Amino acid sequence: METNIGKIVYINGPVVRVIEAYDLKMREMVLVGHKQLIGEVISVDKETATIQVYEETTGLMRGEGIISTGRPLSVKLGPGIIKNIFDGIERPLLNMYETGTAFIPEGIGMITIDEEKLWDAEVVVKVGDEISAGDVYAKVQETILIEHKLMVPPDISGKVVFAEKSGSYNIEHVLIRLENEQGLHELKMYQLWPVRSARPVNRRNPISKPLITGQRIIDSFFPLAKGGTAAIPGGFGTGKTITQHQLAKWSDADIIVYIGVGERGNEMTEVLEDFPKINDPKSGKSIMERTVLIANTSNMPVAAREASIYTGITIAEYFRDMGYNIAIMADSTSRWAEALREISGRLEEMPAEEGYPAYLPSRLAQFYERAGDVEALGGRDGSITIIGAVSPAGGDFSEPVTQNTKRVVSTFLALDKSLAYGRHYPAINWLRSYSGYITDLSPWYEEKIAPDMLELRAKMLRLLQEEDKLMEIVKLVGEDILPDDQRLILEVSRVIKVGYLQQNAYHKNDAHVSLKKQYKMLKVIDRLYVKAHNCVKMGVPISKAKNDELFYKITTMKYNVSEDKLEMFDELIKEIDIFYNGLKSAYSKEVSR
Amino acid sequence: MRLKYLKLHKVEGPLIILSGVKGAMFGEVVDIEMEEGGHKKGKVVQIDGDKVIIQVFEGTAGISLHNTSVSFTGKPMEIPLSKDILGRTFNGVGEPIDGAGFYGDRKYDINGRPINPVGRKYPRNYIETGISSIDGLATLVRGQKLPLFSGDGLPHNELAVQIVKQARISGDEESNFAIVFAAMGIKHDEADYFRKHFELSGVSNRVVMYINLADDPIVERISTPRCALTAAEHLAFVHTGDYDQYDQL
């Protein structure tokens, strides 16, 4: 039901006002002007309506009409999403490129997932079955890794009166007809869903599983949870994007939705070039087979940037309903908040803190709260983890976007400029970061990894904190005057920092590390500290207790021990024991003499 | 026939406001004709009912509500471009300021369009500047950007000239390398300094300059980098060359 209504009277960048548009609804999608630019209604008055336009408005004239589509801004959810790259409103960039221009043209309309492509669908219900919302009626092998389950949309249920035979169809083909009191419903291979409303679920599950990322500082110190939220704030050049890429590459989620919000075009290109070459450690298949990319780079229209985050999370929710674990990377939510600010400014709304609109905190909360571990309609368990990068100007974490994000996320991975400049990667500051999931996840760690895993974590963090305090003194008076047990803390902290927290994204043994190896590494470092500490307490001077060769060996164990030779860690522990026991006996002899 | 509007509603800073306008296009360029002769250009920045707000390039000095006529061109801001721009100097709105005229067979919209990330290639080749601290530590990569931060009294102009003079591409595409130099708000003597040094070092035939001088209208500074980028895109994609771009803010 598309009708021509209204007349444009006001144009200011992406904000357009129309009169004589009586039937427009809030959040309805409209086509603006003769070029049919895509827009969304953001306010309605007695006879005027305000529209934000998702494309460049240059060339638009007063008096041009708009077309009402009668439905809210929605995305098409069906096979063809995975492996694809979309713009902020789910238009495929690959297909746009294939039309022959390296630029993004305006007015190409609401194209979305491929309607021509044939998919092998296996219909799993038969005539006479009663099916309700969330039930699977057909399956499509979308990529090697992902089986796409076609589900009955949330508000429909009924009796199957027609079921198509399994076979190859395009997404417009009707597979199932359902009958209920309201009449007949046709189910095709896709469903439409408005991006701004969360898809309904049966219930939320408590958080119980970590999202394993293969990154040591995250997995063992500041874990992410499946269904949880995390923020990665950091100033320019601290490696937010690299950290996000690492998480996208190595985390054990089934599907990754990567949203490039207002960041550089070259970064999306990097993802597009790199991801097909990297194999998923679990399946051995290219990680592109489980990745969806959404790109609204810094030079694309700002209104679509605001929508891109919702498009991404809606796609994620759809796959979550199939029973998958999804991780969403949003890089960066600051650019998204700036888009909100720009549009709010053009609407002449009252600005709040630093010019951001007063509703910034609630919008951020709405977005992050769509994460969760849930039982979806149809009884499948799935989860969405949101990992948002935040780019505070000047690296100042007290600005509104970081502060408001902090309120709604539970894991906070603070990136640090001085670490990044000191070539300590990932530049996550261990003193300022935190994870609120430790208590929720401790049963999992104790059962799956080792009972003392979290104890080791606490010990290491304590050492690092101690070291930070000692460094203040060292800065004033130098390291030499410290007593030997404190100098040992400095030495062991150095091992933790260089040998454990630093992780080389380009080394084959170090790019991602299993939790087993992480645990063993912690164990080795802990043994080193305990043994050396004993010796120092006995009066062994630090110059002897800190054996350069041994320390070097432990610092480089991350490179030298591969995942299939974890028993080498036990040998290392033995070596530590032998060395310090020898030192102990040699020293006690010396004393008694 | 083009309508001419003879009466302005309001003049304020670099903006003029017209009322009673039908058919204005958002972003289109307007021609402003002064009674005592001379033309100015402007751009539609807001349409509100029959009121149109126009941002005037080249400044609003001398404009009163009655002495000026405004006509709408129906086109967004465009500049003529061809391969002949190499070696020439233009102002912030793409008009030649080196004393000769310029004719390009096609005109290009300076607002550009976003590049599709799918169509990009990840930057791999680098641009050699011959300055060891740049090449070694903060390498300038082809298809990337590199900002220089500077303050008063620091020799950023010298550095800029040095980069332009020495920049080369590794590999065999040497002959296709061009430099688009945009300078915003620089002083006359600085502009002379740039021009002289480009000529002396013999690179001026592969340099295009877009210069907005310190006493030129401020609003032109908005369009200066856009003109330069459009020129650069033109050279890069139409004449399959490569470009390097340096902005001074």
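Helix α11(A) passes helix α12(A) in a left-handed crossing, a crossing being left-handed if the near helix is turned anticlockwise from the far one by less than a right angle, and right-handed if clockwise. The contact draws on Met460(A), Leu463(A), Leu464(A), Glu466(A), Glu467(A) and Leu470(A) from α11(A), and on Gln486(A), Ile489(A), Leu490(A), Val492(A), Ser493(A) and Ile496(A) from α12(A), where two residues are in contact if their C-beta atoms, placed from the backbone, lie within 7 Å. By class, the residues of this contact divide into eight nonpolar, two polar and two charged; Ala, Val, Leu, Ile, Met, Phe, Trp, Tyr, Cys and Pro count as nonpolar, Asp, Glu, Lys and Arg as charged, and the others, Gly among them, as polar.

This is a predicted model, in which local features need pLDDT of at least 70 and side-chain atom pairs count only at pLDDT 80 or more, while totals for chains, interfaces and linings use all residues. Residues are numbered from 1 along each chain as its sequence is written, and chains are lettered from A and ligands numbered from 1 in the order in which they are written.

Two packed helices are described by the angle between their axes and the distance between the axes. Here the axes are lines fitted to C-alpha atoms, for helices over the stretch in contact, and angles run from 0 to 180 degrees between N-to-C directions. Helices (H or I, at least four residues) and strands (E, at least two) are DSSP runs, numbered from the N terminus.

| Helix pair | Angle | Axis distance |
|---|---|---|
| α11(A) (453-477) and α12(A) (484-501) | about 120° | 9 Å |
| α12(A) and α13(A) (515-538) | about 165° | 10 Å |

With axes at about 120°, α11(A) is oblique to α12(A), whereas α12(A) and α13(A) are roughly antiparallel to each other; angles under 35 degrees count as roughly parallel, over 145 as roughly antiparallel, 65 to 115 as roughly perpendicular and the rest as oblique. The crossing of α12(A) with α13(A) is right-handed. In this second contact, Asp484(A), Asp485(A), Leu488(A), Val492(A), Val495(A), Ile496(A) and Tyr500(A) of α12(A) meet Met521(A), Ile525(A), Leu528(A), Tyr529(A), Ala532(A), His533(A), Val536(A) and Lys537(A) of α13(A). Eleven nonpolar, one polar and three charged residues make up the contact of α12(A) with α13(A).

Helix α6(A) has 14 residues (333-346), which at 1.5 Å a residue should span 20 Å, and its end C-alpha atoms are 20 Å apart, in agreement; the expected span is 1.5 Å times one less than the number of residues. Ten of the 14 residues of α6(A) are buried, among them Arg335(A), Trp336(A), Glu338(A) and Arg341(A). A residue is buried if 20 or more other C-beta atoms lie within 10 Å of its own, exposed if 12 or fewer, and partly exposed in between.

A cis peptide bond, with omega about 5°, joins Asp331(A) and Ser332(A), and Ser332(A) lies in the loop between β25(A) (325-331) and α6(A). Just after α6(A), Glu348(A) takes a positive phi of about 60°. Most residues other than glycine have a negative phi, and most peptide bonds are trans. Another cis peptide bond joins Tyr425(A) and Pro426(A), with omega about -10°, and Pro426(A) lies in the loop between α9(A) and β29(A) (434-435).

The loop between β3(A) (15-19) and β4(A) (28-32) holds Glu20(A), whose phi is near 55°, and Arg27(A), whose phi is near 65°. Glu20(A) has 12 C-beta neighbours inside 10 Å and so counts as exposed, while Arg27(A), with 16, counts as partly exposed.

Leu413(A) is placed in the loop between β28(A) (411-412) and α9(A) (417-421), and counts as buried because it has 30 C-beta neighbours inside 10 Å. Its C-alpha atom is separated by 8.2 Å from that of Ile218(A), 195 residues apart along the chain. Leaving aside neighbours within four places in sequence, the contacts of Leu413(A) include Ile218(A), Phe222(A) and Ile428(A).

Between the chains, 31 residues of chain A are in contact with 24 residues of chain B. On the side of chain A that touches chain B, the largest share, seven residues, comes from α4(A), and the residues of that side divide into 18 nonpolar, ten polar and three charged. Chain B itself has four helices and 16 strands, and 37% of its 249 residues count as buried.
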